[in-house]
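Subject: Structure handover

Hello,

Here is the structure I promised you. Please open it and keep it beside this email as you read.

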Amino acid sequence: MEFSDFLWMTCGIFLTLATFSFLYKDNPFYKFAEHLVVGVSAGFTIIVLWHGTLVPNLFQKLEDGNWFMLWLNSSEWWYVVPAVLGLLMWTRFSKKYSWVSRWPMGLYIGISTGIAIPLEMSNRVNKQLYAMMVEIDWANFFGGNILSTTSGFAQLLIFLGTIAGLVYFFFSKEHKGVFGGVATFGIWILMIGFGASFGYTVMARVSLFINRMQDTKAWGVEAFNASDVANPHYSSMYPIVFYLLVAFVVGYIIKEIMDHLKRKNA
Amino acid sequence: MKRQLPFLLVFIFGAFMTIQYYIPHESSEFVYTFLLDWTMIIGIFALALGIWSLYQVSVEKIKHKKENWVYSYVTLFGLFIMVVLGFTFKVGDSWGLYSVFVIALMAFLYCLINASIAKSKGLWFGLSGVALVVLLGIAYFDDSWGVAFMTSEGLRNTMFTNFADFVMTPILATMFALLAFFIASAAYRAFRARNVLASLLLVSAIIVMLRFNPYMPFGLPELIAELSNWLMNVPNLAAQRAIVIGIGLGIVATSLKVILGIERGYMGKG
């Protein structure tokens with residue numbers, strides 16, 4: 001690894017430790033990392049949207065036109081319209097003319113909601129209903145194993161569980177009698193589902209934590225590998241940078257302990 | 001005009017886009033793609049409002065020296081550095097005076113922010129002018145790097161990718177990893193088996209978590225794996241399906257309310 005790459009890696013490790021320091025308490029290093037990521041993410045989004053969406057969908061469509069003709073002489077001149085509407089959004093900056101920004105907003109909301117209705121019905125509602133309404137395999141009801149996910153029992157449970165879950169979310173009728181019983185079964189299924197999702201989410205977070213620790217370990221290993229004379233990138237600077245960061249972290253911890261003791265004695 | 005026209009636009013375009021989905025004709029397909037491009041373009045222009053808002057909030061914090069105002073500089077520097085890196089690229093083998101250019105740009109930004117908030121505006125405007133001359137001079141005379149607005153060389157700029165890989169990704173990944181600890185304390189409160197429902201949640205969560213534990217005693221892994229697989233693919237599938245259908249119906253109902261002008265909150269006041 002080149003020394004410049006190692007410095008970037010050190011920067012990543014410093015920011016990782018700065019972010020983890022929030023587990024102790026809110027501190028200047030965490031605040032630094034927190035504010036930095038807000039700015040960097042916003043800048044990253046601007047660049048990705050500019051190069052990935054605005055250039056191909058607007059600028060390249062109008063590139064055969066001339067600016068002094070306001071690109072109205074380009075072959076796809078109608079793309080000037082969304083650009084103008086987009087610019088009208090900026091009237092929000094003016095108190096007097098901010099109402100003009102409602103026109104592009106109206107168009108945007110209209111198109112988005114119009115697209116959403118058939119797509120949501122098709123992709124979420126209908127497809128889930130089709131998948132739910134499969135023929136129950138009565139001949140192979142337990143499939144030789146109660147925990148089989150393809151048996152008739154599993155299919156029936158998925159079907160009844162979905163119906164019961166939907167019944168639980170239906171609040172126009174009081175949850176009493178048979179309806180209440182179905183709703184109770186629905187909440188049981190929902191709680192099992194929430195528990196499973198929760199467990200899965202926790203383990204995903206833990207795997208991210210392990211990944212950060214592995215990166216930190218790889219950084220330390222890299223620092224000492226590069227101090228080996230046999231290494232093509234041999235340099236004593238690698239462990240020096242490593243020890244500087246470690247000394248910095250240890251120094252901060254000692255300062256915090258001293259401050260704590262001072263407060264305790266005061 | 002101020003309120004009626006936007007509602008009319010929402011109704012016309014909303015109804016049209018709903019109906020066109022069911023018209024299997026190439027002209028309908030063309031209009032769909034065409035209007036989808038429109039929404040993307042308008043959406044990006046709207047993003048500028050958000051970025052301006054971020055800039056304004058940060059400058060206001062600096063101006064009034066609100067709590068943690070110093071860190072607003074960090075946000076602004078991070079924002080502008082990424083934008084500059086995303087529009088520049090290396091031409092030759094070295095970066096030349098590129099780092100001086102970036103430092104001059106940051107100095108220019110710092111002076112400009114101070115010029116807008118300080119009492120002695122002349123001094124800060126003068127300093128920002130000097131920084132501007134330096135950075136424009138470097139941009140004009142230094143041929144080792146270039147500026148690209150219309151091509152995506154900036155996305156391949158190693159400085160840009162390094163900022164994304166070694167600044168943005170580690171912080172975001174660590175913030176998500178932090179949730180593992182907070183979720184654990186939340187779980188302690190949520191998982192106390194006080195009733196049947198809490199017990200169901202507790203048992204299913206523990207089974208799924210044990211599934212990913214490599215240090216389980218002999219015999220248990222197969223059973224836990226099978227049980228966890230069943231939980232994820234049968235009761236969890238039923239629960240998720242009910243939720244997804246509910247969300248879908250909710251979005252359709254809300255969209256209809258918006259198109260028909262019953263829901264008007266998005267227009268704001270005035």
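**Ground rules**

This is a predicted model, in which local features need pLDDT of at least 70, side-chain atom pairs count only at pLDDT 80 or more, and totals for chains, interfaces and linings use all residues. Residues are numbered from 1 along each chain as its sequence is written, while chains are lettered from A and ligands numbered from 1 in the order in which they are written.

**Confidence**

The model scores ipTM 0.88 and pTM 0.87. Chain B has a mean pLDDT of 88 (the predictor's confidence in each residue, from 0 to 100). In chain B, 97% of residues reach 70 or more. Confidence in chain B is lowest in α8(B), with a mean of 87, and highest in α9(B), at 95. Helices here are DSSP runs (H or I, at least four residues), numbered from the N terminus.

**Domains of chain B**

Chain B is assigned domain 1 (1-67), domain 2 (70-168) and domain 3 (169-267). Such bounds come from an automatic or database domain assignment. The C-alpha centres of domain 1 and domain 2 of chain B are 30 Å apart. Six residues of domain 1 of chain B are in contact with seven of domain 2 of chain B (contact means C-beta atoms, placed from the backbone, within 7 Å). On the domain 1 side, three of these residues are nonpolar, one is polar and two are charged. Nonpolar covers Ala, Val, Leu, Ile, Met, Phe, Trp, Tyr, Cys and Pro; charged covers Asp, Glu, Lys and Arg; the others, Gly among them, are polar.

**Where the chains meet**

The contact takes 108 residues from chain B and 98 residues from chain A. Several helices of chain B give two or more residues to it, including α1 (4-20), α2 (26-63) and α6 (158-190). Which helix gives the most to the side of chain B that touches chain A? That is α9(B), with 20 residues. This side of chain B divides into 83 nonpolar, 21 polar and four charged residues.

**Two helix pairs across the contact**

Take helix α2 (residues 28-59) of chain A and α6(B). Their axes come within 10 Å and cross at roughly 125°. Axes are lines fitted to C-alpha atoms, for helices over the stretch in contact, and angles run from 0 to 180 degrees between N-to-C directions. The crossing is left-handed, with the near helix turned anticlockwise from the far one by less than a right angle, whereas clockwise is right-handed. Among the residues that meet are A:Phe44 in α2(A) and B:Phe163 in α6(B). This contact of α2(A) with α6(B) has 11 nonpolar, one polar and no charged residues.

Next, helix α5 (residues 152-168) of chain A packs on α9(B) at about 40°, with axes 8 Å apart. That makes α5(A) oblique to α9(B). Their crossing is right-handed. Residues in the contact include A:Gly161 and A:Gly165 of α5(A), and B:Ala238 and B:Arg241 of α9(B). By class, the contact of α5(A) with α9(B) has nine nonpolar, four polar and one charged.

**One pair inside chain B**

The axes of α7(B) and α8(B) come within 9 Å and cross at roughly 125°. α7(B) is therefore oblique to α8(B). The crossing of α7(B) and α8(B) is left-handed. B:Ile207 and B:Arg211 are among the α7(B) residues there, and B:Leu231 is one of those in α8(B). Eight residues of this contact are nonpolar, two polar and one charged.

Best wishes

Technical notes
Contact = placed C-beta atoms within 7 Å. Parallel < 35°, antiparallel > 145°, perpendicular 65-115°, else oblique.
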